[in-house]
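Keep the view open as you read.

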Amino acid sequence: MTTTDSPALQLQSGDIRLRASARNKEDAIVKVAEVLAQNGCIHPDYANSMLARERQANTFLGNGIAIPHGKPENRDLILRTGVAVLQLTEAVEWNPGQDVRVVVGIAAKSDEHLSILAALTDVLDDPARAEHLAQTEDPEDIIAALQGGGQAAASVPVETDANALTAEVVVVGIHGLHARPASVLAEVAGRFESDQRIHYKGKRANAKAMASILKLGAGPEANVLLEVIGPDAAEALAALEEAIASGLGDGEEPEPAPAKTVRAWTPVSELGSIGGVTACPGLALGPVFRLAGADIVVQDTPGEPASEETAFTNAIAAASRQLDELYQTFSARAGKADAAIFRAHLALVQDTEARDEVCALTDAGHSAAWAWQETVKKRVAEFAEIEDERLAARAADWHDVGQRVLRILTGRDEATINLPDDPVILLAEDLAPSETARLDPARILGVCTALGGPTSHTAILARSLDIPALVGMGQGLADLKNGAVTILDATSGHLYLEPAEADIESAKSFQDELRALREEEQDTRFQPAVLTDGYRVEVVANIGKPEDAAAAVETGAEGVGLMRTEFLFLGRASAPDEEEQFEAYSTMIKALRGLPLIIRTLDIGGDKGVPYIAVPKEDNPFLGVRGIRLCLAQPEIFLPQLRAIYRATVFGPVKIMFPMIATLEDLRAAKELAERVRREIDVPPIEIGIMVEIPSAVLMAEELAKEADFFSIGTNDLTQYALAMDRLHASLGKYVDGLHPAVLRLISQTVRAAKSNGKWVGVCGGIAGEPLGAAILTGLGVKELSMSLPAVAGVKAALRRLSLSQADALAKSALAASTANEVRQLTLP
Ligand code: PEP
Ligand code: MG
């Protein structure tokens with residue numbers, strides 16, 4: 001695989017200041033910044049940014065080393081990437097109880113300094129080396145130590161023990177060794193007696209310690225070296241290899257599915273409201289209650305070292321029992337995937353490196369609670385520093401786990417989140433997984449958090465508990481008083497304030513209606529979506545696995561409008577071969593019993609990568625070699641897929657669809673390969689369509705429609721590319737709306753071009769599965785709507801209540817709207 005790693009930094013003796021002095025932490029930061037400025041790395045003002053960063057995030061690393069650096073938004077003050085080192089004769093106190101002798105000031109324009117950080121991780125694991133750096137009189141010692149990891153990162157062979165067994169493995173999975181895969185790996189490693197290490201880019205991790213694995217920062221497709229030494233080394237190595245190759249349980253991200261009919265309620269009066277992002281749709285009515293989120297902070301009040309250590313051991317055992325219980329309860333209630341966070345927390349609580357650090361501190365006369373608090377604080381700071389957002393989010397997990405153990409050590413009650421007797425709508429800054437888990441759904445009507453996005457753990461857990469929830473509501477929540485009655489419409493994304501009696505009555509009867517409606521939708525799910533005036537829309541399903549096909553039929557879908565074949569390729573060590581794909585496609589076709597199946601060819605790239613398909617590391621993967629571009633560049637992947645599809649056509653009606661078509665040349669090249677394969681296999685032609693999900697395809701729709709048999713509009717990507725907003729962006733989440741008039745106008749233009757060339761148009765992006773979206777799309781002339789399984793029954797029922805002229809009118813109003821919000825205000829008849 002090609003990578004574009006930045007070159008490692010080269011340190012010079014002029015970057016090192018030996019035997020320096022500093023009055024305190026701030027003075028040390030100013031002085032190290034002076035060296036950076038003198039060496040032409042920064043504008044002197046960058047010193048203020050470094051001081052500001054320090055106030056925001058602790059840069060103490062451990063073993064007497066700190067790494068002050070500036071805030072990302074001040075990178076324009078960096079003239080060139082550089083590192084300066086201040087060795088202090090007298091330690092300065094960085095934080096209470098944390099002395100620093102070596103200050104490594106970093107000014108990084110991008111990631112050239114990572115090799116130095118990698119080397120520092122090694123020094124951190126070795127107190128004697130750290131002490132040597134604090135005392136040496138030779139700047140070359142510091143240079144050699146800091147560049148050790150740099151060389152390794154630039155792939156100098158890793159040194160392993162001569163008696164060890166080793167193997168190189170590629171990390172499979174979408175997100176690399178993040179918390180859940182790391183916890184699975186640590187669990188596998190823990191079954192063996194041998195010492196097991198993982199090497200990656202000059203860093204070394206203890207495979208039995210999840211936190212240590214996370215520090216590697218190994219992303220998807222990382223090439224790691226396993227080193228195992230001990231009595232059961234061969235078995236351990238084989239187990240680790242197998243665990244990594246099979247993806248460590250890191251499967252595909254599920255499609256965020258509307259779990260139920262999503263109808264918004266309209267207030268009777270003019271009500272003030274606070275907006276948020278839907279985590280779980282639904283309507284709730286009741287008083288708000290703010291969850292007091294005060295963290296436990298302890299002072300160092302030590303007893304005897306031996307009793308402190310016992311208290312700590314007991315607390316860890318108790319926390320482990322709690323987490324195990326939570327895992328079991330949530331697995332039963334919501335499935336293993338949603339519960340996995342508690343297994344990851346269990347691995348953190350049992351982290352051996354953290355335990356050793358705590359014991360060293362209790363031995364040195366500190367209290368267990370204080371020692372644990374400091375140990376966790378350090379890890380929270382370390383993770384908060386990591387650029388990869390997912391790994392940085394582990395800081396919150398450490399914090400959560402830290403508080404759990406502190407609750408036990410300080411005798412606070414785990415079981416109770418003190419809630420009023422009557423059910424409430426819970427308000428919180430954010431909810432840690434363990435807090436969400438401790439909520440009694442019977443006493444929680446809804447949840448509103450100031451922070452968090454739709455993919456946060458709070459959101460996942462709220463969905464699994466089926467509690468209406470909004471996240472990312474901002475600081476407006478802070479003004480609400482406990483007990484204030486509100487109406488939470490998590491479907492439309494509003495918390496309505498101070499409702500009048502009429503609003504309350506209306507919300508109650510709306511809840512009753514919704515319940516009845518859901519039952520009716522289920523009962524009528526096999527009826528077609530025929531509008532009141534006889535016009536018929538095809539409602540089909542989006543699927544990703546062979547077994548989904550039968551489930552799709554069971555939900556009332558009239559076929560499959562989008563089979564995302566990449567799900568057959570994700571989370572495994574090698575591509576499914578032609579035979580395996582043939583089996584998968586045949587299974588689906590047979591399960592559909594004559595209903596149509598549209599197979600979309602591989603859409604890998606963007607957010608979805610696999611280790612066995614080499615794609616150069618890209619700064620903008622969503623704008624890179626993705627979808628059809630990748631397939632055309634790598635026919636060894638594309639041709640077996642086309643062969644498997646054509647061979648399976650003998651079992652029933654199949655259409656091929658190409659993803660990410662941007663140009664006519666893309667379509668022609670893909671069709672040419674498909675036709676070559678078809679002739680070889682000697683089967684009749686089938687329809688070949690394209691996804692319209694790139695604005696250029698909309699603008700070229702006239703030309704494309706002459707050469708494609710049908711269009712299916714991918715509104716998820718079309719929205720992302722039209723609005724220039726990453727579809728997975730947590731804070732942009734609420735603006736990436738497929739019902740934005742800009743997107744609807746693109747859809748309308750596509751439909752007109754297709755119609756004038758006698759071709760049909762479907763939509764398989766998220767808005768097709770929303771009743772309002774489905775109605776507007778119908779009015780725009782879309783003939784087929786493809787959606788996640790839980791949406792099928794509701795959309796069919798909503799369309800059956802509509803006439804074509806009503807759908808036309810809705811579409812006209814939507815096209816004339818100025819904002820997505822205006823479109824969302826439109827109501828279904
Ligand atoms: C889309 O982009 O709308 C779509 C359906 O494809 P995917 O979500 O798989 O990119
Ligand atoms: Mg797409």
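A salt bridge here is a side-chain nitrogen of Lys or Arg within 4 Å of a carboxyl oxygen of Asp or Glu. By that rule the count comes to 23 salt bridges. This is a predicted model, in which local features need pLDDT of at least 70 and side-chain atom pairs count only at pLDDT 80 or more, while totals for chains, interfaces and linings use all residues. Residues are numbered from 1 along each chain as its sequence is written, chains are lettered from A and ligands numbered from 1 in the order in which they are written, and side-chain values use heavy atoms, with hydrogens and water left out.

Start with Lys31 and Asp27, whose side chains meet in a salt bridge with N to O at 3.1 Å. Helices (H or I, at least four residues) and strands (E, at least two) are DSSP runs, numbered from the N terminus. Because Lys31 and Asp27 are four residues apart in helix 1 (residues 25–38), about one helical turn separates them. For exposure, buried means under 20% relative accessible area, exposed over 50%, and partly exposed in between, using a 1.4 Å probe and protein chains only. Asp27 is buried at 9%, whereas Lys31 is partly exposed at 26%.

Another pair to find is Glu558 and Arg536, a salt bridge in which the closest N and O atoms are 2.5 Å apart. This pair links distant parts of the chain, 22 residues apart: Glu558 sits in the loop between helix 18 (548–555) and strand 20 (560–564), and Arg536 is in strand 19 (residues 536–543). Glu558 is buried, with a relative accessible area of 12%, and Arg536 is partly exposed at 44%.

Now look at Arg824 and Asp737, which form a salt bridge of 2.7 Å, N to O. Here the two partners are 87 residues apart, with Arg824 in helix 30 (residues 820–825) and Asp737 in the loop between helix 25 (715–723) and helix 26 (741–756). Arg824 counts as partly exposed at 34%, and Asp737 as buried at 10%. Elsewhere, salt bridges that share partners join Glu566, Arg600, Asp603, Arg626 and Asp717 into one network.

Next come the sheets. Strands of a sheet pair through backbone hydrogen bonds, either parallel or antiparallel. Two strands count as paired if DSSP finds at least two bridges between them. One open sheet has five strands in the order 1-4-5-3-2, with mixed pairing. Its edge strands are strand 1 (16–20) and strand 2 (60–62), each of which pairs on one side only. Strand 2 pairs antiparallel with strand 3 (residues 65–66) over two bridges, and Phe60 stands opposite Ala66 in strand 3. Helix 1 lies across strand 1, strand 4 (82–95) and strand 5 (98–107), running at about 165 degrees to strand 4. That angle is between N-to-C directions on a scale from 0 to 180 degrees, with axes fitted as lines to C-alpha atoms, for helices over the stretch in contact, and contact means heavy atoms within 4.5 Å.

Strand 13 pairs in the parallel sense with strand 12 (residues 283–290) over three bridges, where Phe289 has Leu426 as its bridge partner. Strand 13 also pairs in the parallel sense with strand 14 (residues 444–449), over five bridges. There Leu427 stands opposite Cys448, a residue that is buried at 0% relative accessibility.

Strand 16 and strand 17 form a hairpin with four residues between them, and Gly493 in the turn has a positive phi of about 85 degrees.

Finish at helix 14 (residues 394–409), where 12 of the 16 residues are buried.
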